[in-house]
Amino acid sequence: MGKVLVVNKEFNFVVVNLGSKEGIKPGARFVLLRGERTIGAAQVERVYENMSAANLIVEEQKGKVQEGDTVELAS
């Protein structure tokens with residue numbers, strides 16, 4: 001599990017604290033959670049060693065996702 005570090009509402013993406021060290025690859029999908037509730041999904045666009053950038057799949061989600069929300073890989 002990871003955390004949302006940055007939400008970029010202008011360009012509709014999030015930066016999360018999971019990267020290549022955790023085996024994340026471009027195209028992977030994340031589920032975005034707040035507590036037990038799913039609030040969105042994102043697809044990884046760029047991967048770095050300790051973080052990755054992922055596009056929000058549904059644009060309306062960008063107002064719901066916040067820094068500190070939980071992230072996990074979709075199964």
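Contact here means heavy atoms within 4.5 Å. This is a predicted model, in which local features need pLDDT of at least 70, side-chain atom pairs count only at pLDDT 80 or more, and totals for chains, interfaces and linings use all residues. Residues are numbered from 1 along each chain as its sequence is written, and side-chain values use heavy atoms, with hydrogens and water left out.

View 1. S52 sits in strand β5. Strands are DSSP runs of E, at least two residues long, numbered from the N terminus. S52 counts as buried because its relative accessibility is 1%. Buried means under 20% relative accessible area, exposed over 50%, and partly exposed in between (1.4 Å probe, protein chains only). Leaving aside residues up to four places away in sequence, S52 touches V14, V15, V16, L18, I24, F30, V44, R46 and V47. A polar atom of the S52 side chain lies 2.8 Å from the backbone oxygen of L18.

**View 2. The barrel.** Six strands close into a barrel, in the order β1-β2-β5-β4-β3-β6. Their pairing is antiparallel. Two strands pair if DSSP finds at least two bridges between them. On average, neighbouring strands of this sheet are turned by 45 degrees against each other, direction ignored. The axes behind this angle are lines fitted to C-alpha atoms, and angles run from 0 to 180 degrees between N-to-C directions.

**View 3. Strands β3 and β6.** β6 covers residues 70–73 and pairs with β3 in the antiparallel sense. Four bridges join the two. V31 has E72 in β6 as its bridge partner. Strands of a sheet pair through backbone hydrogen bonds.

**View 4. The largest nonpolar core.** This core holds 16 residues. A nonpolar core is a set of buried Ala, Val, Leu, Ile, Met, Phe, Trp, Tyr and Cys residues joined through side-chain atoms within 4.5 Å. V4, V14, V16, F30, L32 and V65 touch the most other members. Two or more residues come from each of β1 (2–8), β2 (13–16), β3 (29–34), β4 (37–47) and β5 (52–56). β4 gives the largest share, three residues.

**View 5. The salt bridge.** The structure holds one salt bridge. The term means a side-chain nitrogen of Lys or Arg within 4 Å of a carboxyl oxygen of Asp or Glu. Here the side chains of D69 and R34 meet, at 2.8 Å from N to O. The pair links distant parts of the chain, 35 residues apart. D69 lies in the loop between β5 and β6, and R34 in strand β3. D69 is buried, at 4% relative accessible area. R34 is partly exposed, at 28%.

Methods: A polar contact is a pair of N or O atoms within 3.5 Å; within protein, one must be able to donate a hydrogen and the other to accept it, and residues adjacent in sequence count only if both atoms are side-chain atoms.
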